[in-house]
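Biologist: Could you walk me through this protein, one step at a time? I am new to reading structures.

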Amino acid sequence: MDLQKHAQQPDAAPRTAELRASDADRDRTADLLREALAEGRLTADEHAERVEGVLAAKTVGELEVFVRDLPAAHQRRAAHAFAPSRPTTGAIPMDPDDNVVAVFSAATRKGRWRTGRRIHAYAVFGSVEIDLSEALFDHQQVMIKAFSVFGSVEIRVPENVSLRGMGGGVLGAFEVDTLDAADPEAPVVYVDGWAVLGSVEARPKRGRLVADILDRVQRKVDRSMRRHLGH
């Protein structure tokens, strides 16, 4: 009876090791190998062989194989906290702070702009581009609800935020590259919605970082200290 119940249960969410690796994941693993070479933990031949494997790796688990015997990898993993797959209850409002609409046209949000907690994007026979690579994050959790009907929605985020996808496609493509920030205080961008005979794509933008994360963390520490000291 238990076996029948188990068989009827939906497939469990993939483990972290089974997730597709991003370019940022490969870069972080290559950095660990570079440090190990400099410390004398790896020979030049071992380093070259592992880097070649890192570049060819498809999943997070395949990347871990190349650094599992290095102390730095275990230290970084212990300090790393993965962002939840869904937003915290009550963190995201139901009404959008911003609407980006393209109907038989194109619409963009890019440059130095402040993101709200919820952004709605609609592409109907058109294209929407949402570029967060230079944006100012006033909130730690951001939801982008994207709807594409015979159109495309393209989302780009900095490399040092977390990125999660929850949507799907109907005769279309809904593709979100899962990304995990090393900093637990980094923003988390959630992409939800549908692609109907269209496409929704969310990926990190190489070389772009949220520059004010450390500043925001320091301000948070300063506020906590002032409250503790009664100021």
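Modeller: Gladly! Keep in mind that this is a predicted model. Let us start with glutamate 64, which sits in helix H4, residues 60-65.

Biologist: Is glutamate 64 buried, partly exposed or exposed?

Modeller: Look at its relative accessibility, which is 29%. Buried means under 20% and exposed means over 50%, with partly exposed in between. Therefore glutamate 64 counts as partly exposed.

Biologist: How far apart in space are glutamate 64 and threonine 29?

Modeller: Along the sequence, 35 residues separate glutamate 64 from threonine 29. In space, going from C-alpha to C-alpha, the distance is 7.9 Å.

Biologist: Now to the strands. Why is strand E12 described as largely enclosed by the rest of the structure?

Modeller: Strand E12 covers residues 188-196, which makes nine residues. A residue is buried when its relative accessible area is under 20%. Strand E12 is largely enclosed because the number of its residues that are buried is seven of the nine.

Biologist: In which sense do strands E7 and E12 pair, and which residue of E12 is the bridge partner of isoleucine 144?

Modeller: Strand E7 spans residues 141-149, and nine bridges link it to E12 in the parallel sense. For isoleucine 144, the bridge partner in E12 is valine 191.

Note on methods: Residues are numbered from 1 along each chain as its sequence is written. This is a predicted model: local features need pLDDT of at least 70, side-chain atom pairs count only at pLDDT 80 or more; totals for chains, interfaces and linings use all residues. Side-chain values use heavy atoms; hydrogens and water are left out. Helices (H or I, at least four residues) and strands (E, at least two) are DSSP runs, numbered from the N terminus. Buried means under 20% relative accessible area, exposed over 50%, partly exposed in between (1.4 Å probe, protein chains only). Two strands pair if DSSP finds at least two bridges between them.
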